[in-house]
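Q: Please take a close look at the aromatic side chains in this structure. How do the rings pair, and where do charges sit over them?

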Amino acid sequence: MLNKLITPQEKEKTYKVTILLSRYNDPFSRFIKLMSRCDFTHASICVDEDEETFYSFNLKGFVEEHWKNKRSKHLMPDRKYIRFYVSEEVHEKLRRDIEAFRERKSELSYSAVGTILSLFKIPSAFKNRYFCSRFIAEILHSSGAYKIKRNASLYLPVHFYNEFI
């Protein structure tokens, strides 16, 4: 079911997927904001109905984020939730893909270089190195939840905003 977002009104059972766009107020995020011309510099994904646990990459590598109670002097208050629905089969594939990243967490790291190359529209392919939006683009594509419009290494949070909103 590539590139077809299912609405909850359809007859088959559907499952919610949420992409959260946010921004930190640190030098690297300010650089990304300046270069991408978008207020959102970070993206994370949730496949649970209650939107408790989001998954992403940041300077610590692969992370689980709990946004409902998150407070940080560097976290900006404006956020954008992108919600869409997928079939059970696609939802299970997304869960398996996220679990595979969780199991390999110690082998994975953040790629600041990949982020910078993406800002300049230069594709990259660093083994076991990801940034937030590349991670989300890859699992959305590999699961069949969404047919990405560019190389996953070229995705920035602004692209999800532009493509889904």
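A: Both Phe-57 and Phe-62 are buried, where buried means under 20% relative accessible area, exposed over 50% and partly exposed in between, with a 1.4 Å probe and protein chains only. This is a predicted model, in which local features need pLDDT of at least 70, side-chain atom pairs count only at pLDDT 80 or more, and totals for chains, interfaces and linings use all residues. Residues are numbered from 1 along each chain as its sequence is written, and side-chain values use heavy atoms, with hydrogens and water left out.

A search of the whole structure gives 15 aromatic pairs. Rings of Phe, Tyr and Trp (its six-membered ring) pair if their centres lie within 6.5 Å; planes under 30 degrees apart count as stacked, over 60 as edge-to-face and the rest as tilted. The ring centres of Phe-57 and Phe-62 are 5.6 Å apart and the planes meet at 65°, so this pair is edge-to-face. Both residues belong to a cluster that ring pairs build from Tyr-55, Phe-57, Phe-62, Phe-101, Tyr-130 and Phe-135.

Phe-84 and Phe-164 make a stacked pair, with 5.1 Å centre to centre and 25° between the planes. Because Phe-84 lies in strand S5 (residues 80–87) and Phe-164 in helix H5 (residues 157–164), the pair ties together parts that are 80 residues apart in sequence. Helices (H or I, at least four residues) and strands (E, at least two) are DSSP runs, numbered from the N terminus. Phe-84 is buried at a relative accessible area of 4%, and Phe-164 is buried at 16%.

Charges also meet rings: the charged end of Lys-13 sits over the ring of Tyr-15, 5.0 Å from its centre, and that of Arg-150 sits over the ring of Tyr-155, 5.1 Å from its centre. The criterion is NZ of Lys or CZ of Arg within 6 Å of the ring centre and within 35 degrees of the ring normal.
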